[in-house]
Amino acid sequence: MSKSNDLFYGSCESYKGEKLIYPAATRNQEPILQVLKRFIISDTDINDESPTFVEISSGSGQHLAHFAPHFPGVKFQPSEVDENLFGSISIYATQCPTKNILQPILLDIRNKLSCYGFEENSIDYMYNANMMHITPFECTLGLFENAGKYLKSEALMITYGPYSKDGIITPQSNIDFDISLRQRDPLWGLRDINDLVRIGEENNLSLIDTIEMPSNNKTLIWKKD
Ligand SMILES: C[S@@+](CC[C@H](N)C(=O)[O-])C[C@H]1O[C@@H](n2cnc3c(N)ncnc32)[C@H](O)[C@@H]1O
């Protein structure tokens with residue numbers, strides 16, 4: 001029987017200043033890192049010209065803490081819409097031995113990134129894990145619209161999570177997961193890769209790679225035209 005995927009992240013409300021550990025993030029951070037190593041170029045030390053890697057919906061902050069030491073020449077910018085998570089993200093950033101994680105910024109992906117000081121065509125990498133299925137579809141649209149506008153030409157967006165394909169969800173654990181999400185909120189649910197490709201095309205983003213991941217997840221690599 002296949003293992004269920006990354007449903008359980010726990011409640012955020014009771015955490016305001018502690019370093020959080022999401023079991024799902026602990027499980028998936030290393031497989032995601034191995035994918036990132038194929039797509040991220042990091043050949044210098046950190047400096048003013050360093051490529052910028054913007055994470056949308058950082059959650060606990062664990063992912064960037066795991067990734068950043070492997071790319072010392074990349075500047076990592078965490079972000080979150082939930083300010084209760086800032087304490088945790090901030091501790092991970094401060095404790096990063098390579099000192100290339102900035103402090104988190106408040107960011108609702110439904111807004112234009114210019115609201116947060118970003119210039120168009122300025123971001124080298126965007127990264128989003130496990131948000132699309134657990135938020136209303138406006139967040140998915142916002143993610144693609146912002147990537148299409150604020151990534152540099154030929155820059156990459158990397159998304160990770162469970163997806164359906166051709167309207168079909170597999171295996172049964174993901175079908176059950178999708179049902180449980182929609183029971184919690186009818187606006188949530190697994191997004192279909194075909195819909196994402198169409199939204200990508202509308203925003204100058206092409207799906208260039210689909211990588212099968214543990215626990216029935218996928219990493220999708222999007223390239224701006
Ligand atoms: C399941 S958690 C994933 C956290 C982290 N990316 C990970 O993989 O461990 C989903 C995250 O999406 C964030 N989120 C919800 N709505 C959002 C929005 N409108 N803009 C940005 N992030 C949002 C939540 O605050 C939450 O931290």
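Which residue in strand 6 stands opposite M126?

Tutor: M157 is the residue opposite M126. Two points before we build on that. The model is predicted: local features need pLDDT of at least 70, side-chain atom pairs count only at pLDDT 80 or more, and totals for chains, interfaces and linings use all residues. Residue numbers start from 1 along each chain, as its sequence is written.

Start with the pairing. Strands 5 and 6 run parallel and share six bridges. Strands here are DSSP runs of E, at least two residues long, and helices are runs of H or I, at least four long; both are numbered from the N terminus. Two strands count as paired if DSSP finds at least two bridges between them. Strand 5 (residues 123-129) also pairs with strand 1 (residues 52-56), again in the parallel sense, over four bridges. There I56 faces N128 of strand 5.

How enclosed is strand 5? Six of its seven residues are buried, so the rest of the structure largely encloses it. Buried means 20 or more other C-beta atoms within 10 Å of a residue's own; exposed means 12 or fewer; partly exposed is in between, with C-beta atoms placed from the backbone.

As background, strands of a sheet pair through backbone hydrogen bonds, either parallel or antiparallel.

The antiparallel case is strand 9 with strand 10, joined by eight bridges. L207 has W222 of strand 10 as its bridge partner. Three residues lie between the strands of this hairpin, and S215 has a positive phi near 60°. N216 sits in the loop between strand 9 and strand 10 (217-224). N216 is not a glycine, yet its phi is positive, about 65°. N216 counts as buried, with 20 C-beta neighbours inside 10 Å.

Strand 6 (residues 151-161) holds E154. E154 is not a glycine either, and its phi is positive at about 70°. E154 is exposed, with 9 other C-beta atoms within 10 Å.

F39 belongs to helix 1. F39 is partly exposed, with 15 other C-beta atoms within 10 Å. Beyond four places in sequence, F39 touches L156, I158 and I221. Contact means C-beta atoms, placed from the backbone, within 7 Å. F39 and L156 are 117 residues apart in sequence, but their C-alpha atoms are 8.4 Å apart.

I40 lies in the loop between helix 1 (23-39) and strand 1. I40 is buried, with 20 other C-beta atoms within 10 Å. Its contacts beyond four places in sequence are F71, V74 and Y125. I40 and F53 are 13 residues apart along the chain, with 9.5 Å between their C-alpha atoms.

The peptide bond from T170 to P171 is cis, with omega near -15°. P171 lies in the loop between strand 7 (163-164) and helix 5 (172-184).

Last, the ligand. It has 22 residues around it, and A25, S57, G59, I109 and A129 come nearest. A residue is near if its C-beta atom, placed from the backbone, lies within 6 Å. The shell divides into eleven nonpolar, seven polar and four charged residues. Nonpolar covers Ala, Val, Leu, Ile, Met, Phe, Trp, Tyr, Cys and Pro; charged covers Asp, Glu, Lys and Arg; the others, Gly among them, are polar.

Technical notes
Contact = placed C-beta atoms within 7 Å.
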